[in-house]
Amino acid sequence: MNKTYKLTLTAMMIAIGTISSSLVSIPIGFTKVFPVQHFLNVLSAVLLGPYYAVAQAFCVSLLRNLMGTGSVFAFPGSMVGALLASLLFLKTRKIYLAFIGEVIGTGIIGAILCYPVATLLLGKEATLFGFIPLFIFSSFVGALLGFVILTVFLRKKVLTMAGHSFKNELGE
């Protein structure tokens, strides 16, 4: 894929993530759960690679915070999830590992990174194990949707036109 195509696809994902954040975010405590971000992270990890995936996650988090539809916890969660998903996919070319990378990156590592943000920067009393179930649930739902859509597109050979070689990326 050329850089213009990747940049355009990243911009479209940022727009989808930003617009849908006012429609699909679920406020729980002082966090806002947003499964669409995890869906976009898996898509960008598989289709675009680590740089574009992390840039997409950062831009959506920034715009959501500027619009008031996100929280500061969106940054570490989404960016770590996008990075781990794309690195696992890049090394193995298996979509299910991008799914697992998103869930572990956001649900566990991102949640752990949010703990100091909540306690030190926001002055909120937070428990580390309060973040992990919320982040895992949100990332699991969104990443599963991304996994299913990518799997269907690959089986129907929709993604072969994108210039990618998607052989044996279903884990078969």
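Author: One term to start with: a residue is called buried when its relative accessible area is under 20%, and exposed when it is over 50%. Also, this is a predicted model.

Reader: OK. Which residues of H3 are buried, then?
Author: Pro-50, Ala-53, Gln-56, Ala-57, Val-60, Ser-61 and Arg-64. They fall within an arc of 135 degrees when you look down the axis of H3, so they line one face of the helix.

Reader: What does the face turned away from the buried side carry?
Author: Two exposed residues of H3 sit there, Tyr-51 and Leu-66.

Reader: How many residues does H3 have, and how far does it reach?
Author: H3 covers residues 50–67, which is 18 residues. From first C-alpha to last it reaches 26 Å, close to the expected 26 Å. Just after H3 comes Gly-68, with a positive phi of about 85 degrees.

Reader: Where else is there a positive phi, in a residue other than glycine?
Author: At Arg-93, where phi is near 60 degrees. Most residues other than glycine have a negative phi. Arg-93 lies in the loop between H4 and H5. Its relative accessible area is 28%, so Arg-93 counts as partly exposed.

Reader: Let's zoom out. How many helices and strands are in the chain?
Author: There are 6 helices and 2 strands. Along the sequence the pattern reads α-β-β-α-α-α-α-α.

Reader: What share of the chain is buried?
Author: Of its 172 residues, 46% are buried. The chain exposes about 8,600 Å², and carbon and sulfur atoms supply 74% of that.

Reader: And contacts? What share links residues 24 or more positions apart?
Author: 70%, counting contacts with a separation of 6 or more.

Reader: Now the inside. How many residues are in the largest nonpolar core?
Author: The core has 24 residues. Those with the most contacts inside it are Met-13, Val-46, Leu-47, Ile-95 and Leu-150.

Reader: Which helices supply at least two residues each?
Author: H1, H2, H4, H5 and H6 do. The largest share comes from H2, with 8 residues.

Reader: You mentioned Cys-114. Why does it count as buried?
Author: Its relative accessibility is 0%, so Cys-114 is buried. Cys-59 stands at 28%, which means it counts as partly exposed.

Reader: How many disulfides does a search find?
Author: The search of the whole structure finds 0.

Reader: Last topic: H1. What do its buried residues pack against?
Author: They pack against H2 and H3. The buried residues of H1 are Leu-9, Thr-10, Met-13, Ile-14, Gly-17, Thr-18, Ser-20 and Ser-21.

Reader: How many residues does H1 have, and what is its reach?
Author: H1 has 22 residues. Its first and last C-alpha are 30 Å apart, close to the 32 Å expected.

Key. Residues numbered from 1 in each chain as written. Predicted model: local features only at pLDDT ≥ 70, side-chain atom pairs only at ≥ 80, totals over all residues. Heavy atoms only, no water. Helix = DSSP H or I, 4+ residues; strand = E, 2+ residues; numbered from the N terminus. Expected span 1.5 Å × (residues − 1). Buried < 20%, exposed > 50% of the residue type's maximum accessible area, 1.4 Å probe, protein only. Arc of directions from axis to C-beta. Core = buried A, V, L, I, M, F, W, Y, C linked by side-chain atoms within 4.5 Å. Disulfide = S-S within 2.5 Å. Contact = heavy atoms within 4.5 Å. Areas by Shrake-Rupley, 256 points an atom, 1.4 Å probe, with all protein chains shown as cover.
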